[in-house]
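Welcome! Please take a moment with the sequence and the model below, and then follow the notes one topic at a time.

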Amino acid sequence: MIDGYPIYKFKKVKSTMDIAKDFIYENKIGIIVAEEQTEGRGRYGRKWHSPKGGLYFSFQIKKSKLTDFLSEIVSLALISTMRDFGLICKIKFPNDIIINEKKICGILIEKKGEFYIVGVGINLKKVSGEYISMEELTKKSIEIDNVLDRFVGNFKKECEIFEKDFDKGIKNWCENLLK
């Protein structure tokens, strides 16, 4: 459990987003983590290649004033998480995290009733030529749980920044956009 959110781990699923949606109907919340997705998706239903070796997770957030800036908050939390591992990335608007002109992370946010479902995919290990991975860049073994823990901590920090000083949060987001 991380900060009151139970973690549900799966080896292989169709989509963590679909499980998160089902959880809403069951009045459950949590962080749904999969080692592999067979039907991972991005915006407009585009396929998100989700082979074993990545970190794929989704979680639910009830609508609030912060959810209007959920994409910015999640993007900044991912940028901070990558920095924790020595990687400097940029945000390619609206939902990609880029390093060396290649995507290392992707974000998908869908609204379901009073909730938003946030889906994140992070390339941890090298699995194909077109993707760049954290391990490839750091030359170190990366543990899924370590990345997830850091993301959750960074997400909380970014939420606090946006709550206390909205202008600072937006300025930080703008400074991290790919130009």
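**A first look**

In the hairpin of β6 and β7, 2 residues lie between the strands, and Gly113 has a positive phi near 65°. This is a predicted model, in which local features need pLDDT of at least 70 and side-chain atom pairs count only at pLDDT 80 or more, while totals for chains, interfaces and linings use all residues. Residues are numbered from 1 along each chain as its sequence is written, and side-chain values use heavy atoms, with hydrogens and water left out. Helices (H or I, at least four residues) and strands (E, at least two) are DSSP runs, numbered from the N terminus.

**The sheet**

- An open sheet of 7 strands runs in the order β1-β2-β3-β7-β6-β5-β4, with mixed pairing; two strands pair if DSSP finds at least two bridges between them.
- At the edges are β1 (7-13) and β4 (90-92), each of which pairs on one side only.
- On average, and ignoring direction, neighbouring strands of this sheet are turned by 20° against each other.
- In a regular strand the side chains alternate between the two faces of the sheet.

**Strand partners**

- β4 pairs with β5 in the antiparallel sense over 3 bridges, and here Ile91 stands opposite Ile97 in β5.
- Strand β5 (residues 96-99) is joined by 4 bridges to strand β6 (residues 102-112), and the two run antiparallel.
- Ile97 has Cys105 as its bridge partner in β6.
- β5 and β6 also form a hairpin with 2 residues between them, and Asn100 in the turn has a positive phi of about 50°.
- β6 is joined by 8 bridges to strand β7 (residues 115-123), again running antiparallel, and Glu110 stands opposite Ile117 in β7.

**Helix α2 and its helix neighbours**

- The axes of helix α2 (residues 70-84) and helix α5 (residues 166-175) come within 10 Å and cross at roughly 60°; axes are lines fitted to C-alpha atoms, for helices over the stretch in contact, and angles run from 0 to 180 degrees between N-to-C directions.
- That angle makes α2 oblique to α5, given that angles under 35 degrees count as roughly parallel, over 145 as roughly antiparallel, 65 to 115 as roughly perpendicular and the rest as oblique.
- Glu72, Ser75 and Leu76 of α2 make the contact with Gly169, Asn172 and Trp173 of α5, where contact means heavy atoms within 4.5 Å.
- Sorted by class, the residues of this contact of α2 with α5 are 2 nonpolar, 3 polar and 1 charged; Ala, Val, Leu, Ile, Met, Phe, Trp, Tyr, Cys and Pro count as nonpolar, Asp, Glu, Lys and Arg as charged, and the others, Gly among them, as polar.
- α2 also packs with helix α4 (residues 144-164) at an angle of about 130°, with the axes 8 Å apart, and that makes α2 oblique to α4.
- Among the residues that meet there are Leu70, Ile73 and Leu76 in α2 and Val147, Phe151 and Phe155 in α4.
- The contact of α2 with α4 has 11 nonpolar, 3 polar and 4 charged residues.

**Aromatic rings**

- The structure holds 10 aromatic pairs; rings of Phe, Tyr and Trp (its six-membered ring) pair if their centres lie within 6.5 Å, and planes under 30 degrees apart count as stacked, over 60 as edge-to-face and the rest as tilted.
- Phe151 and Phe155 are stacked, because their ring centres are 5.9 Å apart and their planes are at 25°.
- Phe151 and Phe155 are separated by about one helical turn, because they are 4 residues apart in helix α4.
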